[in-house]
Amino acid sequence: MQIMKKIVSLGLILQAVLYILPFAYTQYGLSAQAALSQDSSSAVADFPPITAVATADASAADVPADAILSDTASSDVTISVLVDGEVQTMPLETYVMGVVAAEISPTFPPEALRAQAVAARTYAVYKLRSGSPPPEQHHGAVMCDDFHHCTAYMPLATEAAAQWGEHAETYVDAITQAVQDTAGEILTVNGSPIVSVFCCASGAKTESALDVWGSDIRYLQSVVSPGGDACAKYNAEVTLPLDSFRQKIADTYPAADLSDTPAHWFKNSVRSAAGGIKTVELGGVKVEGTDLRTLFDLNSTNFTLTFSQDNITFHTVGYGHGVGMSQYGAKYMAEHGSTYTEILAHYYTDATLTHL
């Protein structure tokens, strides 16, 4: 009799947990915290060196994602997003569709779209359970639609027709299918969702998080990445008059001495394994390559320089920060027979594909 009572009591407790836990997680999530659509419609996912990246590598102290989400279908999870200055709460999968629409061309192969869907969903879930308060500019939302800060987002229901015209139905179907095919799938390390950053087109290799943001993250290492040169912005140039360049440097780095000839301004450059400029001495001042990229609106930190009598020209290779999945690399791999799981495994080293 005593054993029977214990079994019944245990069953009631488990039932209560299964009922309460999904609701509790959803409420917790709400309170916690590309190249123009690959040369056609949207903007590059260009994550800044956020502090989240520095602590993103999961540890044994982390609460595993499956311990929180195991009884919550992805269709039941909601996320708050700042869209055009207004906070909206929507199903997670609806948000993922909007990110895929804004961040990658719907003309890319289905396996590349599926890989993008998983990367977008993973980053959203990471943000949902990070526990960090949303930044002030989010007005309380977990995510925003600014690709400089979070990821780009396009509400398909209201903008697809204007964006794609007669192709809208075809493209929406492709995006919807990719999201449905991967519904609930995220990438994890030690059971926790990863910071699944991505870029439009890396160089011949992706950059490591260590070389770009100073944090050695096991799943964001430099890997070979073919196919980036299919991006129209893979090779680009930015030319400035020497006087304008001098003025910008003087305003930003007053200690830099540019009194010598331009050929002597840049010295002792340090490049990453992928080719990006990590640091360089500019007029005697040590400068980060990422800072120069921002200052002169360069497509990447992988650049060389040429000078004329009146101008300085940056020649860049790649488009975006170069860390994580290269979207054009995913396109290339898909065109050559790779599945989305193989694409993700290639770009996110040691990460595991997990179901919510």
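**Exercise 1. What percentage of the 356 residues of the protein count as buried?**

*Solution.* The structure is a predicted model. Of its 356 residues, 51% count as buried. The accessible surface comes to about 16000 Å², and carbon and sulfur atoms account for 54% of that surface. As to secondary structure, the protein has 12 helices and 14 strands.

**Exercise 2. Determine how helices α4 and α5 are oriented to each other, and describe their contact.**

*Solution.* Two packed helices are described by the angle between their axes and the distance between the axes.

Step 1. Helix α4 covers residues 92-103 and helix α5 residues 110-128; they pack at an angle of about 125°, with axes 9 Å apart.

Step 2. Angles from 65 to 115 degrees count as roughly perpendicular and those over 145 as roughly antiparallel. The pair α4 and α5 is therefore oblique.

Step 3. The crossing of α4 past α5 is right-handed.

Step 4. On the α4 side, the contact is made by Leu 92, Glu 93, Tyr 95, Val 96, Val 99, Val 100 and Glu 103. On the α5 side, Gln 116, Ala 117, Ala 120, Arg 121, Ala 124 and Val 125 take part.

Step 5. Sorted by class, this contact has 9 nonpolar, 1 polar and 3 charged residues.

**Exercise 3. Classify Trp 164 and Ser 208 as buried or exposed, and locate each residue.**

*Solution.* Step 1. Trp 164 is found in helix α6 (residues 156-164), whereas Ser 208 lies in the loop between β6 (198-199) and α8 (209-213).

Step 1. A residue counts as buried under 20% relative accessible area. Trp 164, at 9%, is therefore buried. Ser 208, at 7%, is likewise buried.

Step 2. Trp 164 and Pro 106 are 58 residues apart along the chain, and their C-alpha atoms are separated by 9.9 Å.

Step 3. Apart from neighbours within four places in sequence, Ser 208 is in contact with Leu 220, Gln 221, Ser 222 and Val 323.

How values were computed:
Residues are numbered from 1 along each chain as its sequence is written. This is a predicted model: local features need pLDDT of at least 70, side-chain atom pairs count only at pLDDT 80 or more; totals for chains, interfaces and linings use all residues. Side-chain values use heavy atoms; hydrogens and water are left out. Axes are lines fitted to C-alpha atoms, for helices over the stretch in contact, and angles run from 0 to 180 degrees between N-to-C directions. Helices (H or I, at least four residues) and strands (E, at least two) are DSSP runs, numbered from the N terminus. Angles under 35 degrees count as roughly parallel, over 145 as roughly antiparallel, 65 to 115 as roughly perpendicular and the rest as oblique. A crossing is left-handed if the near helix is turned anticlockwise from the far one by less than a right angle, and right-handed if clockwise. Contact means heavy atoms within 4.5 Å. Ala, Val, Leu, Ile, Met, Phe, Trp, Tyr, Cys and Pro count as nonpolar, Asp, Glu, Lys and Arg as charged, and the others, Gly among them, as polar. Buried means under 20% relative accessible area, exposed over 50%, partly exposed in between (1.4 Å probe, protein chains only). Accessible areas come from the Shrake-Rupley method with a 1.4 Å probe; for residues, only the protein chains shown count as cover.
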